[in-house]
Amino acid sequence: MEQTVALDEAEWTVTTQRFFSCRLMLNTASLGAVSLCADAGAVRELTLDLLGYAPFQGGGLVTSVDAPWQHSGRQELLSDIYRATDHGVAFDLGSLLPELLDNLVDGMWLNVEMTDPRQPVLLNLSTTGIRDVLPEFKRCLGDLLPVNFAQIRRTQLFYDSGKWQLTSGQMKQLRDIARYIRADKKVKALTIDGHTDATGDRLLNLRLSRQRAEAVRDYLIDEGVPAAMVAHLRFHGQRYPAASNATKTGRHDNRRVMVALQRQETLPDQASNQGVMKGTNDG
């Protein structure tokens, strides 16, 4: 089945939730919904929710191609990595989203091909009117957080033997956590647990685990996390190993600080940060 979205159906809209998600959507009465999705944590997808379409099977790919009135023969593969959804498919765009947006500005269309053996589908998606809403979509992309809640819900920092000072890489992890906490008002508390391996004196290890946990707490506070949000600051020494202390790898895994976030999911969503913009047909 080949289907082309008519020009008068090509009304693209943008829905944003600042810091967390950006959606560039095409809703049609004949086809269903097509969305360019970008979320915090570098999630970039093209999703299709197709009317009357069973769960997807088989292969698929998405390309940008010349509009019917263009004749340069351009065609660029954007993704053949996908996952099935309840009503269609989601393609992983990865780092190619900026290239796709540039192609859309140039007037190229989107083609989606799904080689489902039950019902092969080729969709030709007009991008007419998309230029009107691309600036808003790009602004939203620029505000997206580098991490999402699932990625930082439980973060482990690992240490060299005897060390408690933060490395530059650990500081980067903690800055990302602090930035997320400042943006997501549903995060209500965090717990910090310091650990060591079993090398050396037990009391010295207890002190070392305290130094590690306190250094993490202090850095997060310096990055704007309210001190009152630290519900528990605990230091366990060598008491709770995550792995065997008999191996080098196990000892490495035990020299750690765990930062765990607590989120109150029942709070209202960040409605004040949401917006919708529509594009108009430009012919």
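1. The first point concerns a charged pair. Aspartate 197 and arginine 255 form a salt bridge through their side chains, at 2.9 Å from N to O. The model is a predicted one. Aspartate 197 sits in the loop between β13 (187-194) and α5 (202-222), and arginine 255 in the loop between α6 (248-254) and β15 (256-263). The two are 58 residues apart, and the pair links distant parts of the chain. Aspartate 197 has a relative accessible area of 4% and is therefore buried. Arginine 255, at 11% relative accessibility, counts as buried too.

2. Salt bridges with shared partners join Asp66, Arg74 and Asp106 into one network.

3. The whole structure holds 12 salt bridges. One of them pairs the side chains of arginine 18 and aspartate 143, at 3.4 Å from N to O. Arginine 18 is partly exposed, at 41% relative accessibility. Aspartate 143 is also partly exposed, with a relative accessible area of 27%.

4. Next, the aromatic residues. The structure has five aromatic pairs. In one, the ring centres of tyrosine 82 and phenylalanine 91 are 5.9 Å apart and the planes stand at 65 degrees, so the pair is edge-to-face. Tyrosine 82 is partly exposed, with a relative accessible area of 32%, while phenylalanine 91 is buried, at 0%.

5. Phenylalanine 149 and tyrosine 180 make up a tilted aromatic pair, with 6.3 Å from centre to centre and 40 degrees between the planes. Phenylalanine 149 is in helix α3 (residues 149-152) and tyrosine 180 in helix α4 (residues 168-183), so the pair ties together parts 31 residues apart in sequence. Both phenylalanine 149 and tyrosine 180 are buried. Ring pairs also bring in Phe19 and Phe20, which form a cluster with Phe149 and Tyr180.

6. Two backbone angles deserve a look. Most residues other than glycine have a negative phi. Phenylalanine 19, a member of the ring cluster, has a positive phi near 80 degrees. Phenylalanine 19 is placed in the loop between β2 (12-17) and β3 (21-28). Alanine 42 likewise has a positive phi, near 65 degrees. This alanine 42 lies in the loop between β4 and β5 and is exposed, with a relative accessible area of 57%.

7. Which residues of helix α1 (residues 97-105) are buried? They are Leu97, Leu100, Leu101, Asn103 and Leu104. These residues span an arc of only 160 degrees around the axis, so they lie on the same side of α1. The cover over the buried residues of α1 includes β4 (32-39), β5 (43-50), β6 (60-65), β7 (75-79), β10 (109-114) and α2 (134-143). Just after α1, glycine 107 adopts a positive phi of about 90 degrees.

8. The largest nonpolar core has 34 residues, of which Leu24, Leu36, Leu46, Leu48, Leu110 and Val112 touch the most other members. Beyond its neighbours within four places in sequence, leucine 24 is in contact with Trp12, Thr13, Val14, Val34, Ser35, Leu36, Ile130, Val133, Leu134 and Phe137. There is a second, separate core of 28 residues, with Ile152, Leu174, Val187 and Val230 among them.

9. Some totals close the note. The protein has six helices and 16 strands. Of its 283 residues, 47% are buried. Among contacts with a separation of 6 or more, 68% are between residues 24 or more positions apart. The accessible surface is about 14000 Å², and carbon and sulfur atoms account for 51% of that surface.

How values were computed
Residues numbered from 1 in each chain as written. Predicted model: local features only at pLDDT ≥ 70, side-chain atom pairs only at ≥ 80, totals over all residues. Heavy atoms only, no water. Buried < 20%, exposed > 50% of the residue type's maximum accessible area, 1.4 Å probe, protein only. Helix = DSSP H or I, 4+ residues; strand = E, 2+ residues; numbered from the N terminus. Arc of directions from axis to C-beta. Contact = heavy atoms within 4.5 Å. Core = buried A, V, L, I, M, F, W, Y, C linked by side-chain atoms within 4.5 Å. Areas by Shrake-Rupley, 256 points an atom, 1.4 Å probe, with all protein chains shown as cover. Salt bridge = Lys/Arg side-chain N within 4 Å of Asp/Glu carboxyl O. Phe/Tyr/Trp six-rings, centres within 6.5 Å; stacked < 30°, edge-to-face > 60°.
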